[in-house]
Every structure is written in structure tokens, then in C-alpha cells.
Amino acid sequence: MKQAKVRLYVEHPLGAGQSVPLEREAAHYLFGVMRMSEGDPVLLFNGTDGEWRCSVAEAGKRKGVLLCEEQTKPLRMPPDLWLMFAPIKKARTDFIVEKAAEMGAARILPVQTEFTNSERIRQDRLQAHAVEAAEQCGGTYVPEVTELQRLDKVLADWPKDRQLMFCDEAEVGSTARLGAASGEKWAILIGPEGGFSTAERDRLKALPFAHVVSLGPRILRADTAAVAAMTLWQQALGDWV
Ligand code: SAH
């Protein structure tokens with residue numbers, strides 16, 4: 001059996017014998033760029049039905065059809081972890097979204113804090129980065145990237161059963177750790193280049209669901225901090241076992 005070289009996310013149901021029509025862009029990629037033809041295998045996932053080995057049933061320039069043959073992976077949900085971060089420069093924001101999807105975040109929430117430099121994000125572009133990361137890392141789930149929201153609003157609407165790992169640069173070099181924290185629903189919060197304001201810090205530290213954490217003796221850039229925090233969380237409470 002030929003090995004599938006391409007793994008794609010589609011917004012279409014997948015199941016034995018299911019045919020999947022391709023959108024223009026996917027058809028162009030498979031048949032124009034990857035030069036695939038009828039009978040060639042492709043792996044598909046849609047975020048709910050696991051991963052399926054499919055074969056090309058019809059190949060056209062701008063369209064095509066794939067046929068699902070067998071399930072190659074069941075759906076595997078990531079832990080219920082949100083990554084909240086203040087958007088920074090474009091390339092670094094893209095990096096954070098890509099890494100969050102690879103590291104196993106269930107939801108990615110850009111938040112606007114007092115010192116956040118960028119007031120706009122392209123949610124659709126960021127979502128596309130999350131899809132690409134899932135395609136590349138073998139995941140069967142794509143985390144949702146939400147629109148930019150104000151941090152104070154997110155905290156005001158906070159679900160009371162979710163805990164918060166507040167990565168606070170003021171704790172640089174301190175012993176603040178996750179420790180014996182437990183629970184299933186979590187969020188990680190990473191600040192912008194300018195860090196958190198005193199008012200934000202005071203508010204965050206007073207929240208009953210917040211755990212203040214230090215990420216070591218050096219100040220990390222926000223993109224590094226996001227990956228480091230997800231690593232710590234995954235190791236302590238996530239699905240790395
Ligand atoms: N300009 C700020 C640093 C911001 S670093 C200053 O000089 O103080 C960007 C974000 O990464 C911070 O808001 C925090 O969420 C996280 N971060 C970076 N280093 C950290 C550390 N050592 N401990 C905890 N959080 C850290």
C-alpha cells in the first residue's frame with residue numbers, strides 16, 4: 001500500500017465509504033502542487049471523526065473527490081487547556097499560535113492587556129496557522145482561535161471551574177511553581193512585551209482560581225514564555241504521560 005504523503009484538515013464528515021469533495025485550494029494543492037492522481041492516498045481529519053486514509057477518486061484542476069477507506073487514528077482530544085496571550089509582532093504571534101496547537105492547547109485566546117501593542121489581529125490567519133500546525137503534527141483536533149478580547153472582560157466572564165496559571169514576570173527568579181495543583185480545566189496567561197500593569201497584577205493575584213507561576217531566573221520573550229509554560233503544564237497536569 002502506498003504511503004500517504006499528504007495530511008489535510010477538511011470541514012466535511014469522514015467515515016467508511018464517505019466521499020469528500022475538495023475545495024479549490026485543496027484540489028490545487030493535491031493535484032497541481034503535489035502532482036497526485038487517481039488512486040493516490042491522502043490522510044484526512046476534521047477535528048471530530050479522527051483520521052482517515054482516503055484515496056483520490058477524481059482529480060481535476062480546481063476540484064476533486066476523495067473517498068474514505070479506513071480510520072487510521074481515533075479522535076484524540078487535547079487536555080482542556082486554554083492558552084491566553086497578548087498579541088505581539090506578527091511573526092511572533094503566528095509562532096505562538098502554531099506552537100500552542102502543537103503543544104496541545106484546546107483553545108487559543110488572544111487577549112488585550114493594558115500594555116498590549118497590537119490592537120488588531122487577523123483571526124482567520126491565526127486560525128489557518130492552527131490548522132497547518134495540526135496537519136503537520138499528526139493531531140486529530142484543531143484548537144479554536146478566538147477573536148481578540150479584552151483581558152478584563154475575559155476575567156469578568158471567567159468560568160469558575162477553570163484554573164489559571166498566571167505567568168508573572170515579577171516572579172522572575174522566585175520559587176512560585178504549579179506545585180501540587182490539580183484539576184482538569186486550565187488556562188495559561190502570558191503577557192505582552194511590556195509585561196502586566198500593577199493594577200492587572202494585583203487583580204490577577206487576588207483571583208481565587210489563579211496560580212502565580214515563575215518561569216525561572218530570566219525574563220523570557222512572550223513567545224518563549226508561552227512554550228515554556230505549556231511544557232511545564234503538560235508535564236505536571238497534561239497528556240504527556
Ligand atoms: N517587559 C517585561 C517582560 C515581559 S515578558 C519586563 O521586563 O518585566 C512577556 C511575558 O512572558 C510576561 O508578561 C510573562 O507572562 C511571561 N514571562 C517571561 N518571563 C517570565 C518569568 N521569568 N516568569 C514568569 N513569567 C514570565
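Biologist: Starting with D152: is it buried, exposed or partly exposed?
Modeller: Keep in mind that this is a predicted model. The relative accessibility of D152 comes to 32%. Buried would need a value under 20% and exposed one over 50%, so D152 falls in between and counts as partly exposed.

Biologist: And which residue does the side chain of D152 meet in a salt bridge?
Modeller: Side chains of opposite charge can pair when their charged atoms come close. Here the N to O distance is 2.7 Å, and a salt bridge needs the two atoms within 4 Å. The partner of D152 is R150.

Biologist: Is that R150 buried or exposed?
Modeller: The relative accessibility of R150 is 51%. The cut-off to pass is over 50%, so R150 counts as exposed.

Biologist: How many salt bridges does the structure hold?
Modeller: One of them is the pair of D152 and R150. Another is made by K73 and E51. Counted across the structure, the number is 18.

Biologist: How far apart in sequence are the parts that K73 and E51 tie together?
Modeller: K73 forms a salt bridge with E51, and the closest N and O atoms are 3.9 Å apart. K73 sits in strand β5 (residues 64–73) and E51 in strand β4 (residues 51–59), so the bridge ties together parts separated in sequence by 22 residues.

Biologist: What links D80 to R162, and how many residues lie between the parts they join?
Modeller: The side chains of D80 and R162 meet in a salt bridge of 3.0 Å, N to O. D80 is in the loop between β5 and β6 (81–85), while R162 is in the loop between α4 (151–156) and β10, so the pair links distant parts of the chain that are apart by 82 residues.

Biologist: Moving to the ligand, which residues come nearest?
Modeller: There are 20 residues around the ligand. By type they divide into 11 nonpolar, 5 polar and 4 charged. The ones that come nearest are C167, E169, E193, L215 and L220.

Biologist: How much of the ligand's exposed area does the protein bury?
Modeller: An oxygen atom of the ligand is 2.7 Å from a side-chain N or O atom of E169. Nitrogen of the ligand also has backbone N or O atoms around it, at 3.3 Å for G216 and at 2.9 Å for L220. Taken alone the ligand exposes 570 Å², and the share buried by the protein is 84%.

Biologist: Where is E171, and which residue does its side chain contact?
Modeller: E171 is in the loop between β10 (163–167) and β11 (186–190). With a relative accessible area of 15%, E171 is buried. A polar contact of 2.7 Å joins its side chain to that of S174.

Biologist: Which residues make the nonpolar surface patch of about 240 Å²?
Modeller: One member, V33, has its place in helix α1 (residues 24–33). At 46% relative accessibility V33 counts as partly exposed. The patch is made by Y29, V33 and M34.

Biologist: How far apart in space are T116 and I88?
Modeller: T116 is in the loop between β7 (107–112) and α3 (123–137), and at 8% relative accessibility it counts as buried. In sequence T116 and I88 are 28 residues apart. C-alpha to C-alpha, the distance is 7.3 Å.

Biologist: Last one: what percentage of the chain's residues are buried?
Modeller: The chain has 6 helices and 12 strands. Its C-alpha atoms fill a box of roughly 60 × 35 × 30 Å along the principal axes. Of the 241 residues in the chain, the buried ones make up 50%.

Definitions and conventions:
Residues numbered from 1 in each chain as written. Predicted model: local features only at pLDDT ≥ 70, side-chain atom pairs only at ≥ 80, totals over all residues. Heavy atoms only, no water. Near = heavy atom within 4 Å. Polar contact = N/O pair within 3.5 Å; in protein donor to acceptor, adjacent residues only side chain to side chain. Areas by Shrake-Rupley, 256 points an atom, 1.4 Å probe, with all protein chains shown as cover. Nonpolar A, V, L, I, M, F, W, Y, C, P; charged D, E, K, R; others polar. Patch = residues over 30% accessible without salt bridge, like charges linked within 9 Å, V, L, I, M, F, W, Y side chains within 5 Å. Helix = DSSP H or I, 4+ residues; strand = E, 2+ residues; numbered from the N terminus. Buried < 20%, exposed > 50% of the residue type's maximum accessible area, 1.4 Å probe, protein only.
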